[in-house]
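Student: Can we go through the charged pairs in this one? I'd like to see where they sit.

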2 protein chains.
Amino acid sequence: MKEVNEWLKYQELVERCWRSGWKARCEPIELQVFKALENDPLFARRPGEDVPLEKMRELTFLRLKQLFRYNFLTKEEVMANPWKAVTLNGCLMMYDCALGGKYILNKQEFVINSPDIEAAKFWVGNMGKTATHAVVFAQLYTPDQVCHGLHSFVVALRDPKTLLALPGVLVGDIGKKLGLNGLDNGFALFHNVRIPRENLLNKTGDVTPDGRYVTPFKDPNKRFGESLGALSGGRLSFTRMATINLKLALTIAIRFSATRRQFGPKNTEEIPVLEYQLQQWRLIPYLAAAYALEHFSKSIFMNLFEFQIGQMMKEKSDRQAEMGREIHAIGCSMNRLGDLRNDNDPNCTYEGDNNVLLQQTSNYLLSWLHAKHRDGVRIESPLHTVDFLDDSHKILESRFTARTMEECMDSAVPLAAYKWLVCFLLEESQKRLEQEMASGKEEFEARNNSQVYYCRSLAMAYIEHNCLQRFHELTTDTDTPAGLRPVLSNLCALYGLWSLSNHMATLYQGNYLSGRKPTDLVQMAILTLCSQLKDDAVALVDVLAPTDFILNSPIGNADGQLYKNLWSTVMQGSQVLERPSWWKEFCSDKPVVGSLRPKL
Amino acid sequence: MKEVNEWLKYQELVERCWRSGWKARCEPIELQVFKALENDPLFARRPGEDVPLEKMRELTFLRLKQLFRYNFLTKEEVMANPWKAVTLNGCLMMYDCALGGKYILNKQEFVINSPDIEAAKFWVGNMGKTATHAVVFAQLYTPDQVCHGLHSFVVALRDPKTLLALPGVLVGDIGKKLGLNGLDNGFALFHNVRIPRENLLNKTGDVTPDGRYVTPFKDPNKRFGESLGALSGGRLSFTRMATINLKLALTIAIRFSATRRQFGPKNTEEIPVLEYQLQQWRLIPYLAAAYALEHFSKSIFMNLFEFQIGQMMKEKSDRQAEMGREIHAIGCSMNRLGDLRNDNDPNCTYEGDNNVLLQQTSNYLLSWLHAKHRDGVRIESPLHTVDFLDDSHKILESRFTARTMEECMDSAVPLAAYKWLVCFLLEESQKRLEQEMASGKEEFEARNNSQVYYCRSLAMAYIEHNCLQRFHELTTDTDTPAGLRPVLSNLCALYGLWSLSNHMATLYQGNYLSGRKPTDLVQMAILTLCSQLKDDAVALVDVLAPTDFILNSPIGNADGQLYKNLWSTVMQGSQVLERPSWWKEFCSDKPVVGSLRPKL
């Protein structure tokens with residue numbers, strides 16, 4: 001009877017999530033893509049396949065061609081509902097990141113600006129083998145030798161008929177990488193390549209036939225800002241990819257932990273590892289984060305679409321410009337979320353960039369503070385992510401007031417703490433910058449020396465606050481089904497407290513917390529929430545999970561038949577039980593130990 | 001002139017490290033191995049090589065055979081100086097982890113105890129293809145149906161002449177893995193396999209010809225303890241591997257950061273990224289950790305050798321038994337250090353085990369506390385890692401007293417804080433356990449619910465304290481050359497403060513810290529130490545680095561010719577500039593978009 005009740009509870013939760021749009025596979029486009037790939041032999045998977053690089057590239061290319069034939073979404077459908085395009089990309093990424101990447105990267109890349117090897121641009125998707133044209137960002141010099149800064153040009157790389165490189169173009173494949181080997185990343189160098197004047201993409205500046213430079217922007221910085229806005233889409237897509245990776249990893253980890261048994265009280269059956277508090281604490285906060293990020297990435301994409309429609313409409317309002325800046329600030333800090341990806345993901349090398357990008361987020365926040373101090377403007381942005389900073393003075397006087405663990409289990413508690421944290425770090429960053437400048441440092445050095453512990457922490461606290469804020473609003477929104485609200489509220493509180501626990505030292509440092517009670521309460525609340533969510537964990541990942549074929553993990557199949565699936569996958573591998581082809585070399589020709597030993 | 005001075009300073013530091021034993025390549029065995037591998041065509045590396053699985057396994061095997069021919073160390077040499085064996089393994093690991101692993105793992109593994117698929121043992125090195133015998137840990141039943149617990153048996157797997165599996169043995173290859181693919185990991189299952197009685201390894205227990213069980217140990221737990229001691233060697237080797245990975249990763253990262261230029265103050269040349277405070281803060285603490293861990297792993301191995309000699313001498317003293325327990329406690333917590341490995345390392349899945357192993361460390365510490373409270377014994381262990389706990393009462397009354405940043409730059413400051421931290425967490429863990437038991441929980445559940453925030457943190461603080469303690473002693477040791485002491489002291493202080501900064505919230509929670517000053521001082525001290533060590537960073541990694549051939553990273557070569565080396569490596573790859581073999585498929589047969597589109 002207990003089992004039947006549990007099953008009904010599971011069914012009910014999955015159903016509720018399904019109806020309110022959380023469930024993958026609830027949108028027709030997902031169902032359609034998953035089904036098409038699973039039924040198409042070109043997309044079949046073989047366990048333990050060891051595909052050579054050349055073959056892997058070819059297979060990815062053939063699959064890409066097939067995707068064009070499927071044409072899952074028409075342009076009209078995308079215009080009517082742009083989220084569908086994001087969903088489609090997500091489906092392809094879940095199947096294979098390299099294929100998804102190749103699908104998105106059709107001839108939209110940056111290349112080089114001068115012909116020496118230090119200037120060769122690496123890592124350009126598709127350029128290794130097949131790209132025939134590239135968009136090159138280069139310094140634009142007019143005949144009067146004046147440099148007008150970066151502009152973009154269309155440059156032909158290879159003959160589309162033969163794929164051979166054109167004169168003056170050195171283009172090639174950078175070879176095998178840690179991951180994404182289905183994607184051919186390339187490099188390119190140009191030597192006096194001549195392109196027609198029309199190949200300058202002239203949205204932000206053009207050159208007349210007689211060699212004069214003309215631009216619709218008076219302020220070169222505003223011109224640069226406009227270009228930056230257009231880059232946010234890529235950056236937000238990357239965070240979407242990180243969220244998808246997190247969902248896949250969690251699906252495998254939680255299903256595995258619910259079925260894998262290890263040890264137990266004396267004289268009883270072994271218990272699933274998910275029953276251990278330690279394991280709950282290591283996994284379930286990531287589950288909460290997956291829900292927070294799923295909602296965040298959906299809502300930030302909606303903001304981006306609004307901005308892009310404004311761009312297409314040639315909207316030139318202040319609001320449009322402000323929205324571009326705000327989305328840019330969010331996009332620059334969001335890359336940090338990539339850290340959440342499972343350790344197994346070898347593709348964690350964007351960190352360098354992320355730390356540099358975070359500076360743009362903190363600069364954005366500092367500029368608001370500056371505007372308020374200097375011009376007395378009210379801090380208020382189109383997406384309202386910074387509005388609370390206008391009350392900074394009052395917020396900085398607030399303190400942690402929860403007195404019981406039950407009080408702490410409300411996401412309003414970490415949300416209030418985050419508001420204080422962002423205000424505190426903003427003020428500290430500003431002070432630190434002023435100190436550095438007062439000690440005679442140039443701005444470049446002053447900014448560099450204000451990143452660690454200040455601006456960098458500020459940017460991360462800002463985006464974590466915003467992610468929590470959006471999730472908190474969803475859980476209290478009257479549009480959210482009442483039956484779903486309790487579990488979403490628990491996820492939201494857990495996400496908030498767990499993220500906040502990385503910042504406890506700063507909260508003590510600035511006296512928002514004092515004494516040992518707050519830490520005890522926060523820790524107890526986290527453990528209690530983990531334990532309350534534990535029994536729903538499998539249902540909650542089933543909501544986020546793609547089909548088993550797409551997931552492609554025998555230990556993470558939906559049926560929970562861990563050992564059976566693992567075993568059958570191993571036995572399906574090639575040459576599992578066979579001797580190696582070099583077995584004779586092993587059995588005969590025994591080495592004479594020390595025969596190569598130098599006489600010391 | 002400045003450059004000449006810098007060069008002399010660099011030379012001097014490297015020389016000093018060389019003379020005092022820090023420098024890799026200073027030991028003849030390292031020079032000899034590196035040179036032999038570099039000159040042997042069988043060990044040649046080709047850039048961007050894409051080797052199929054079968055070939056990779058064969059190559060690793062051929063190289064292994066060649067290593068036996070070289071026989072770099074004789075048994076006599078190892079007995080005279082066991083550190084040489086650790087050094088040799090390290091050299092092979094630096095060349096290729098899979099080869100190093102295969103070299104160590106010659107027929108010393110655990111296998112299964114019952115014939116169903118859940119009991120199949122996976123991940124056994126060498127078993128996939130070539131192992132002919134295995135050591136199997138199995139439950140021992142005597143004819144009277146009494147189970148005597150785990151014992152080890154030698155079982156034949158394959159015919160040594162043909163490599164075909166023997167009757168009743170199902171043995172195979174688990175296939176391609178994320179990494180270490182040169183190593184053939186296998187699985188095995190047994191069905192009524194009969195082995196002679198002599199194949200029971202009878203050190204801890206034996207069966208007489210008439211079926212009676214006899215053992216030299218009266219207490220079954222002590223028998224188990226003896227077996228555990230013997231496993232510490234493997235666990236410590238794993239931490240050595242992590243240290244080696246850290247050294248390789250740091251060598252590449254620091255050399256790259258010293259040569260890679262990016263941005264700079266207006267109108268000046270771009271500056272090396274290592275000049276940025278943010279980059280220093282992200283790398284240099286790991287450099288300090290590499291030195292701390294290098295010293296730690298060397299000194300813990302010396303402790304292990306002492307223990308092993310005792311075992312060979314059949315030493316049965318209390319000290320010998322106590323040392324076994326202490327080394328086991330250290331080994332169980334040391335795995336945690338694997339986290340330090342560079343994110344690029346895909347092989348980070350030991351975490352699960354580590355969290356479980358950490359419990360043995362905290363149990364060890366709790367048992368000391370228990371013994372003191374119950375029997376009034378003095379806390380004092382053979383390696384002295386727990387002696388300070390005897391003063392726990394006094395230590396818990398101490399507070400952070402440094403008043404200036406300069407005071408904080410002494411490793412005595414974080415060391416004192418760590419002593420307080422371990423005492424605090426030990427007391428808290430004990431209290432937590434008592435609470436759980438008092439609330440009526442079984443011991444199994446009480447222990448599980450005391451891991452997060454308590455026992456787990458305790459075990460980590462203990463090992464970090466011990467690592468810092470050993471490094472601190474080295475920097476103050478009169479045997480350490482005076483000329484090296486300043487730089488080692490800086491590394492030690494940085495390692496201590498940086499490790500401690502993960503525990504600041506706990507230090508505030510327990511009131512060891514209060515107010516904002518301590519955090520400010522610690523943060524300023526970390527940044528100042530990073531900046532002071534920055535100019536020595538390249539010399540300090542050169543000290544730890546193997547030769548360029550072994551390092552095998554064009555961006556991390558000792559000559560700093562980043563772009564030249566990267567470029568030549570790319571151009572040496574196969575088919576870099578060639579069209580793909582499937583170019584015709586690309587150029588012709590264009591897909592009809594949407595031709596497979598289902599009619600919705």
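This is a predicted model: local features need pLDDT of at least 70, side-chain atom pairs count only at pLDDT 80 or more; totals for chains, interfaces and linings use all residues.

Student: Which residue does Asp390(A) form a salt bridge with?

Tutor: Asp390(A) pairs with Arg378(A), at 3.1 Å from N to O. Both residues lie in the loop between helix 10 (351-375) and helix 11 (392-397) of chain A, so the bridge ties together parts 12 residues apart in sequence.

Student: And is Asp390(A) buried or exposed?

Tutor: Buried, at 15% relative accessibility. Arg378(A), on the other hand, is exposed at 55%.

Student: Switching topic: where does the pair of Arg516(B) and Glu428(A) sit?

Tutor: That one crosses between chains. Arg516(B) is in the loop between helix 17 (504-509) and helix 18 (517-534) of chain B, while Glu428(A) belongs to helix 13 (residues 412-438) of chain A. Their side chains meet at 2.9 Å, N to O.

Student: Is Glu428(A) buried or exposed?

Tutor: Glu428(A) is buried, with a relative accessible area of 8%, and Arg516(B) is partly exposed at 28%.

Student: Last one: what does Glu269(A) form a salt bridge with?

Tutor: Arg261(A), with the closest N and O atoms 3.9 Å apart. The cut-off is 4 Å, so that pair counts as a salt bridge. Glu269(A) is exposed at 60% relative accessible area, and Arg261(A) is partly exposed at 35%.

How values were computed. Residues are numbered from 1 along each chain as its sequence is written. Chains are lettered from A and ligands numbered from 1 in the order in which they are written. Side-chain values use heavy atoms; hydrogens and water are left out. Buried means under 20% relative accessible area, exposed over 50%, partly exposed in between (1.4 Å probe, protein chains only). Helices (H or I, at least four residues) and strands (E, at least two) are DSSP runs, numbered from the N terminus.
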